[in-house]
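These are my notebook entries on a structure that I looked up one feature at a time.

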Amino acid sequence: MTRKIVVIGQVLVDVILSDNDENTYIRLGGIMHAARALSGIGCDFGICYIAPDYLDEDIVSYANKLGAIMVDKIGSVTGSPNVIVVGEPKEYGPQRYEYLLRENHKISMDSKRVVTAFNAIEWSDALIFPGGFELSEILQSICEKGINLYIDVNFEPDDWSVFKRLKAQIDTIIISTSSGLFRRGKIKNADQLLAYAKNGNTRNVLLKENRGGCRFFYLNDSCPPIHIPAQVRPIVHSVGVGDCYDAVFAALRHSYSDKHALNYASCIAADYADTIDEPYFFAACDAWLKIPSEEISDLGGISLAWESRPVHQIYIAAPDFNYVDTRPIDALVESLKYHNFSPRRPIKEHGQATPSASRLQKRDLFNADMRLLDACSVLVAILLFDDPGTLIEIGIASEKEIPVVLYDPYKIAENLILTELPYLVSSDLDQIINAVFDLIQKANKK
Amino acid sequence: MGTTGGGKFKHYDGNRGKSKGSGGKPGGKQGGGKKNECEKAIGDILLEEVANCQYFRSHKNLPPIGSSVNMRKILEGSRLAIETDSGEVLGYLPIQYNYLRRCMEQDYKYSGNVISASATPLPSVRIDLGPV
């Protein structure tokens with residue numbers, strides 16, 4: 001059967017803010033990210049969309065330009081413009097999504113369209129992004145037609161028992177570590193995820209682990225999970241990158257093994273994150289698909305399971321004192337925690353030496369700091385000013401062969417040893433987080 | 001009071017239905033104020049695994065500063081490799097440059113120069129690299 005994928009869900013408007021007004025941009029998001037990806041790899045696709053009426057003209061026109069073979073509206077949004085403002089598009093930490101008027105958001109489904117939407121074309125696969133609308137009727141219609149079903153549960157539903165009532169199995173449930181289930185700690189590791197999914201009438205689970213790659217689990221047989229590395233590099237944005245990944249994977253499974261399809265998805269999603277220029281992205285898709293699948297799967301990257309990250313602790317060397325503006329330290333630590341790393345702040349944990357502290361008290365603090373440093377796999381230093389403690393800790397860590405990354409938010413590092421000793425010196429938090437992923441992966445392999 | 005930011009959708013204005021599989025080099029300028037990554041020169045790349053690569057193992061030394069280097073199109077193991085003019089692998093590119101493999105598929109070729117090389121305490125080489 002020829003692959004024909006129907007993508008189902010809301011169309012949103014993404015507003016990506018930037019420090020530079022010239023780089024602030026606005027484009028159709030939601031399921032249009034998956035549509036762009038399918039267009040990029042030349043897969044026949046259609047969309048069943050839900051959106052406010054004011055967007056209809058733009059959605060239809062744009063989907064047609066992308067080459068959609070069907071554009072069908074199955075529900076309307078009222079009370080909200082369906083606009084998402086993204087304050088931190090690179091996701092080096094929490095993305096700070098602002099969904100405008102979300103509490104007023106209402107969806108009215110067109111039941112007739114839901115029933116008939118899947119009859120017009122013989123779809124091979126359906127990729128659905130639940131969120132704000134009633135699922136059961138849509139899922140039932142898809143199952144009755146025998147369409148292979150992929151569900152991305154990143155936003156909804158939290159309760160997967162809804163899938164149990166289906167008469168057919170779901171091919172793949174797709175979830176990422178950015179989802180509410182992971183962020184709220186309801187799922188903390190792969191074992192908990194699989195236990196959760198086994199209640200859900202599902203054959204496979206795809207766990208996307210952000211900059212740490214992904215794992216693909218087979219629930220119905222004893223095949224080991226597949227680990228796919230992430231192609232990590234400085235990015236422009238992370239909005240819709242996971243949706244792009246889903247779509248490419250679902251489409252390419254018709255032509256390639258799961259491993260190869262996932263590796264192509266990883267490479268193409270990385271390019272999606274690197275640009276908002278669509279012709280550039282489409283050309284990149286063409287080029288990736290010309291590279292043999294074996295070579296794509298050989299290409300290394302970052303593979304770092306979510307639950308393995310806190311095992312290796314990260315020493316935060318910085319003037320983390322109560323009289324210093326520590327916002328850059330706080331931002332770094334928040335970003336590391338967002339990615340499930342274990343940053344350790346010695347001054348916050350052991351206390352701050354006061355001018356009146358006794359020699360014994362100072363010695364105890366020093367020993368505690370040094371014991372902590374010995375227990376850490378990476379040191380991240382934050383240079384807020386020329387703080388002697390921070391600089392000495394960089395030297396000690398280097399001598400102990402603990403890799404050092406220097407976050408220099410104010411670009412003040414000039415000293416030769418300071419600029420040459422660390423693995424990376426950068427004022428860009430995105431690059432610092434990438435370096436931590438790389439170094440922790442290396443520590444994990446030792 | 002003025003307004004800033006996106007006043008309209010920044011969307012693809014072509015027709016994918018007719019132009020799928022265009023291939024070739026992408027345009028020179030991307031949206032978002034960002035240049036085509038394939039056309040960017042990359043400065044000061046610290047090569048990886050230099051001690052374990054063919055050049056150092058054969059010569060127990062490193063090429064002098066200014067020596068020209070090229071990027072291999074074929075992966076060496078799972079890595080993008082940098083070789084000397086004589087074809088000996090000098091080191092690997094960090095994984096953040098894996099996209100250059102895709103650029104090579106778009107007919108870009110990369111070469112550059114050694115800008116620093118030190119055999120001790122650990123063999124290390126830094127290069128500048130760019131499209132030719």
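**Entry 1: A histidine in a loop**

I located A:His105 in the loop of chain A that runs between β7 (97–99) and β8 (106–109). The model is a predicted one, and I read every entry with that in mind.

Is A:His105 buried or exposed? Its relative accessibility is 17%. Because buried means under 20% relative accessible area, A:His105 counts as buried.

I then looked up the surroundings of A:His105. Leaving aside residues up to four places away in sequence, A:His105 touches A:Gln10, A:Val77, A:Thr78, A:Ser80, A:Asn82 and A:Tyr99. With A:Asn82 there is also a polar contact, side chain to side chain, at 3.0 Å.

**Entry 2: Cysteines**

How many disulfides does a search of the whole structure find? I noted 1 over all chains. This disulfide joins B:Cys38 to B:Cys103, with an S to S distance of 2.1 Å. B:Cys38 lies in the loop between α1 (16–19) and β1 (42–46) of chain B, and B:Cys103 lies in helix α3 (residues 99–105) of chain B, so the pair ties together parts that are 65 residues apart in sequence.

I recorded the geometry as well: the angle about the S-S bond is -75°, and the link of B:Cys38 and B:Cys103 is left-handed. B:Cys38 is buried, at 0% relative accessibility. B:Cys103 is buried too, with a relative accessible area of 0%.

A:Cys244 is buried, with a relative accessible area of 0%. I also checked B:Cys53, which is buried with a relative accessible area of 2%.

**Entry 3: Two helices of chain A**

Two packed helices are described by the angle between their axes and the distance between the axes. I looked up both values for helix α1 (residues 32–40) and helix α2 (residues 56–66) of chain A: the angle is about 20° and the axes are 9 Å apart. Since angles under 35 degrees count as roughly parallel, α1(A) is roughly parallel to α2(A).

Which residues make the contact? From α1(A) I listed A:Met32, A:Ala35, A:Arg36 and A:Ser39, and from α2(A) A:Tyr62, A:Ala63 and A:Leu66. By type, the residues of this contact divide into 5 nonpolar, 1 polar and 1 charged.

Technical notes: Residues are numbered from 1 along each chain as its sequence is written. Chains are lettered from A and ligands numbered from 1 in the order in which they are written. This is a predicted model: local features need pLDDT of at least 70, side-chain atom pairs count only at pLDDT 80 or more; totals for chains, interfaces and linings use all residues. Side-chain values use heavy atoms; hydrogens and water are left out. Helices (H or I, at least four residues) and strands (E, at least two) are DSSP runs, numbered from the N terminus. Buried means under 20% relative accessible area, exposed over 50%, partly exposed in between (1.4 Å probe, protein chains only). A polar contact is a pair of N or O atoms within 3.5 Å; within protein, one must be able to donate a hydrogen and the other to accept it, and residues adjacent in sequence count only if both atoms are side-chain atoms. Contact means heavy atoms within 4.5 Å. A disulfide is a pair of cysteine sulfur atoms within 2.5 Å. Axes are lines fitted to C-alpha atoms, for helices over the stretch in contact, and angles run from 0 to 180 degrees between N-to-C directions. Angles under 35 degrees count as roughly parallel, over 145 as roughly antiparallel, 65 to 115 as roughly perpendicular and the rest as oblique. Ala, Val, Leu, Ile, Met, Phe, Trp, Tyr, Cys and Pro count as nonpolar, Asp, Glu, Lys and Arg as charged, and the others, Gly among them, as polar.
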